[in-house]
Structures are given as structure tokens and as C-alpha cells.
Amino acid sequence: MKTPALILIAAAACAAPQAAFASCADFRASSTELNLNYDPFSPSGVERTFTLRTRRLNPDITAVRVVLADPGRIERGAALGRDDAVRYDIRWTRDTGRIVFVSGAEQPNATNGALIQFGPSRSGDSVNDSFRIQVPAGQGIGAGDYYQPLELRFICYKGRDEVDRNIQSGGQVAVNLRVPERISTFVGSPGVQRGRIDFGEIDATGGNKLRGLTVTAQSTIPYDIRVGTERGALKRSDRDDSGVPYSLKLSGFAVSDRSRVVCDRTPAPGGRGHSLQVELSGEDLRKAPAGAYSDIVTLTFSPRLGLSGGEGCSATQG
């Protein structure tokens, strides 16, 4: 994937622990409904409604109170332990103000959780309830797959009497969020891929002249910026022997043809601005014959192989 921005310049024996067994109820959700795609640079986050299916395993119970719990944090499977963590929330559509998504050791109680009622006969053994997962916009997370099985912590009731407390884990309800590999650029406004640095009519008696513009990058992966120039100097035409040399700076680094700037992924949601500055020497201008001079500089943004070497950008040659 390459995204060029054309600038026209003038991731002892002990018993083994046993998985919790849902003695009175169990819970499942469709993996399809909880497969989410997330763009850190989109102005809107992700909202997805999913169905939680609650099944009664003990015919004596009449209701269950359940909370969904993140036992740790949602992390990228390929890079566990890194700081890439996704903030998200889950709401019960029947009572969006009630807390049903918890973390840490919080357990279901009278002030939280979704209270799900079963029917009086076998036809009421299964209940479908609607929940909504919300992932806020603008989180600066890198490309990759983020997976988190949720714990279902619940209390079963027979009338008003508590029958059982238990925890279900194991992935029957799990969030799977994907952040795609992406690099996009624009000059000034989204969608614009070309910009012009225009010095206008220059008074040759003055000093050095400096002009510039900004290229904005939005990326979920580390990237390279390769600099290429068409003529290497400002000329009136390709056949012109006379030219005006110029110096370039990209994000504060002095660059020239075939230079390379390497960067880690950009912040979200705004991205990273790369200033491109062109400077002309007053002395060179005084020597140049009259005419209209130009050159084309191409900045090519490409995915960078391997890890970025730290935050921000650095320059390299070749």
C-alpha cells in the first residue's frame, strides 16, 4: 500500500483450577454481532446492538441478574502487554442508565445488572435480550485484532430467594475488534493530494525567501516518507541550463532527492502534520535570469516494515 502526496513546488501436587460451571443458567452471544471494525480517524465511533441469549438450566429458577465484566482489558492478541488498549462500554437497551458492564471484582447486586425473567413453562427457558456495545471515536490504537472474552457474573433467583451465584467465562460472549492497516494523506483539506508553494514575483534585491505547506498523515501503522524531486532545482523548463537551487525541510529535517523520513503511527483522530518548507537563497535569485521557475517534489507514504524506532519521526538517507 502506497499513498503518494504530490507537492507541486515553484499489534506438593495441587488440584488444577476448574472452569466455572453455570449450574443454573448460561449465556451466549453471536460472534458475528460482536465482530467490530474500528477506524481511529472516523469522527464517529462504533455502536453495535447484539443479542444476549440466556438459558435456564435449573427449572426452579425464575430470574437471573447478570453483569458483563472485562476481567482485564481488551488488548491486541499479537502484542499482549503493550499499551494498546481499547475503551468501550456496554449498555442494556431496556435500561440504558443502569450499569451492566463492570470491571475489577465488582459483582451483581441490587443496584446494577440486567434482571432477566424466565417464563413459567419450558417455552420460557430461553430469553433473548438486547444490549449495545459502544466504542468511542478517536482512540489512538494501532492496526491489529483485539480480542477479549467477557465474564458473565450472575445470581439466580427462585422468586425472591437467591439460589446460586456463579461466573461464566470461556468465550461464549467475546468482543473481537479489528483496526485495519491504513495510511491516508491530504494537503490542506481531506481528499486533496496536490499543493502548490508559490513564491510569486520575487524582488531579486531581497534576501532569502521561505515558503511552505503542511501535509497531514493519518496512519494506524508505522510509515516511511520518501522524497523525490523531478529536476533537483527550480528551472524554467527541462532543457533549461539555468536553475535556482533550493533547500527542503520536511517536519524540520533537511531533506533532498531520495531522502527518507521514518515515523511511528500517527495520533488520532487528527493525525500528524508534516510541514514542507522550501528556501531560496537571495544570492542565487540575483544570479538567475528572469522567468517562471518550478519543480515537482513527490512525497510517497508507505507502510514501514518492522517497528518504528520510537515516537514521532526521524530522518535517514536513501
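Modeller: Strand β4 (residues 46-56) pairs with strand β10 (residues 126-135) in the antiparallel sense, over ten bridges. Strands here are DSSP runs of E of at least two residues, helices are runs of H or I of at least four residues, and both are numbered from the N terminus. Two strands are taken to pair if DSSP finds at least two bridges between them. The model is predicted, so local features need pLDDT of at least 70 and side-chain atom pairs count only at pLDDT 80 or more, while totals for chains, interfaces and linings use all residues. Residues are numbered from 1 along each chain as its sequence is written, and side-chain values use heavy atoms, with hydrogens and water left out.

The β4 and β10 pair belongs to an open sheet of four strands in the order β2-β4-β10-β7, with antiparallel pairing. β2 (25-29) and β7 (89-92) stand at the edges with a single partner strand each, so one side of each has no neighbour in the sheet. From one strand to the next the twist averages 30°, where axes are lines fitted to C-alpha atoms (for helices over the stretch in contact) and angles run from 0 to 180 degrees between N-to-C directions.

Within the pair, Phe50 stands opposite Phe131 in β10. Phe50 and Phe131 also form one aromatic cluster with Trp92. Rings of Phe, Tyr and Trp (its six-membered ring) pair if their centres lie within 6.5 Å; planes under 30 degrees apart count as stacked, over 60 as edge-to-face, and the rest as tilted. By this rule there are five aromatic pairs. For Phe27 and Phe154, the ring centres are 5.0 Å apart and the planes are at 65°, so the pair is edge-to-face. Phe27 lies in strand β2 and Phe154 in strand β12 (residues 151-158), so this pair ties together parts that are 127 residues apart in sequence. Phe27 and Phe154 are buried, that is, under 20% relative accessible area, against over 50% for exposed and in between for partly exposed (1.4 Å probe, protein chains only).

A second pair involves Tyr223 and Phe301: their ring centres are 6.0 Å apart and their planes at 35°, so the pair is tilted. Tyr223 is in strand β18 (residues 223-229) and Phe301 in strand β25 (residues 295-303), so the pair ties together parts that are 78 residues apart in sequence. Both Tyr223 and Phe301 are buried.

There is also an open sheet of five strands, ordered β15-β17-β24-β21-β22, with antiparallel pairing. Its edges are β15 (183-187) and β22 (253-255), each with a single partner strand, so one side of each is left without a neighbour in the sheet. The twist in this sheet averages 30° from one strand to the next. Strands β21 (residues 246-250) and β24 (residues 272-280) pair in the antiparallel sense over five bridges, and Leu250 stands opposite Leu276 in β24.

As for the whole, the protein chain has one helix and 26 strands, and 41% of its 318 residues count as buried. The mean pLDDT (the predictor's confidence in each residue, from 0 to 100) is 88, and 87% of the residues reach 70 or more. Over residues 4-22 the pLDDT is below 50, and this stretch has 62 contacts in the model beyond near neighbours in sequence, a contact being heavy atoms within 4.5 Å. Residues 77-82 also stay under 50, with 13 contacts beyond four places in sequence.
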